[in-house]
Amino acid sequence: MIRFDSVSKEYAGRAAVSGFSMSIAPGERVVLVGPSGCGKTTVLRLLAGLTVPTAGRIFIGDRKVSGPGTLIVPPEERNLGFVFQDLALWPHMSVRGNLEFGLKARGTCREERERRIREMLSLVELEHRAGARPGELSGGEQQRVALARALIQRPATLLMDEPLSNLDPELSLRLRADILRLQRDLGFTLLYVTHNREEALALDGKCVSLVWPLFQKKGAIPG
């Protein structure tokens, strides 16, 4: 269970998120939908531990991971995977290298690394591109590498920030199906951010609409 308890986040006195509360059950699919600047990305960053709330508390299971101005549990101990909007792939590394990097950092033995890489490349259908670098891949292939890199650590929860926003409609449709297939097969909890209401409805999960009045004003904080 993930729980936001009256969470607010301010930047230089301006609210990015205000009094936000939400619970997510294990294995649930939740879509945060709303226009740019309504706080969707901020919610993901708060849960990931990349920023701390100004007020309120965040729980993962029965463990409080963040409180007002306090990071209690660091990002690497939250068992979360994150797919960023810009993908953030390492351009100098191959597909295999991108997948292996985090496993090496966590001290995973070579045999286990190889097994997980083979398994994940098969799941995202990129076995034939293992040696390619991100710049040699199509947009859809890059997206699947980012997804595989997040999932290879076997996170309990996957966070996705506008992952399909830069893809054409046909490719977006296929990758959306891939995401749903992987969640069904692997059983992770999914928290997905989009500004596209059609995409949100197609994901067939619990939709949470974020619209703070502040963000209709000039000078609002993006995210």
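At 1% relative accessibility, Ala16 counts as buried, a word used here for residues under 20% relative accessible area, with exposed meaning over 50% and partly exposed anything in between (1.4 Å probe, protein chains only). Ala16 sits in strand S2, where helices (H or I, at least four residues) and strands (E, at least two) are DSSP runs, numbered from the N terminus. Although Ala16 and Gly37 are 21 residues apart along the chain, their C-alpha atoms are separated by 7.8 Å.

The structure is a predicted model, in which local features need pLDDT of at least 70 and side-chain atom pairs count only at pLDDT 80 or more, while totals for chains, interfaces and linings use all residues. Residues are numbered from 1 along each chain as its sequence is written, and side-chain values use heavy atoms, with hydrogens and water left out.

## The protein as a whole

The protein contains six helices and ten strands, and its C-alpha atoms fill a box of roughly 50 × 40 × 30 Å, taken along the principal axes. Its radius of gyration is 18 Å, which agrees with the value near 17 Å that a compact globule of 223 residues would have; this radius is taken over C-alpha atoms, and the globule rule is 2.2 Å times the number of residues to the power 0.38. Of the 223 residues, 49% count as buried.

A contact means heavy atoms within 4.5 Å, and among contacts between residues at least 6 apart in sequence, 67% join residues at least 24 apart. The protein exposes about 10700 Å², with carbon and sulfur atoms supplying 50% of it; such accessible areas come from the Shrake-Rupley method with a 1.4 Å probe, and for residues only the protein chains shown count as cover. There are 31 positive and 25 negative side chains, and the centres of the two sets lie 5 Å apart. In that count Lys and Arg are positive and Asp and Glu negative, while His and the chain ends are not counted, and each charge is placed at NZ of Lys, CZ of Arg, CG of Asp or CD of Glu.

## Two buried residues in strands

Val31 lies in strand S3 (residues 29–33) and is buried, with a relative accessible area of 0%. Leaving out residues up to four places away in sequence, Val31 touches Tyr192, Thr194, Ala200, Leu203, Lys206, Cys207 and Val208.

Ser66 belongs to strand S5 (residues 63–67), and at 0% relative accessibility Ser66 also counts as buried. The side chain of Ser66 makes a polar contact with the side chain of Arg78 (2.8 Å); a polar contact is a pair of N or O atoms within 3.5 Å, where, within protein, one must be able to donate a hydrogen and the other to accept it, and residues adjacent in sequence count only if both atoms are side-chain atoms. Apart from neighbours within four places in sequence, the residues in contact with Ser66 include Leu46, Pro53, Ile58 and Arg78.

Helix H1 (residues 40–48) is mostly covered, since seven of its nine residues are buried, among them Val43, Leu44, Leu46 and Leu47. H1 is followed by Gly49, whose phi is positive, near 85°.

In helix H2 the buried residues are Val95, Gly97, Asn98, Leu99, Glu100 and Leu103, and what covers them includes helix H3 (110–123) and helix H4 (139–151). An α-helix has 3.6 residues a turn, so residues three or four places apart point the same way. H2 is followed by Gly107, with a positive phi near 75°.

## Residues in loops

Leu89 is found in the loop between strand S7 (80–83) and helix H2 (95–105), and at 13% relative accessibility Leu89 counts as buried. Its contacts, not counting residues up to four places away in sequence, are with Asn98, Pro134, Gln142, Val145, Ala146 and Arg149.

Ala12, in the loop between strand S1 (2–11) and strand S2 (14–24), is exposed at 86% relative accessibility, and its phi is near 50°, a positive value in a residue other than glycine. Glu125, in the loop between H3 and H4, has a positive phi near 60° and is partly exposed, with a relative accessible area of 39%.
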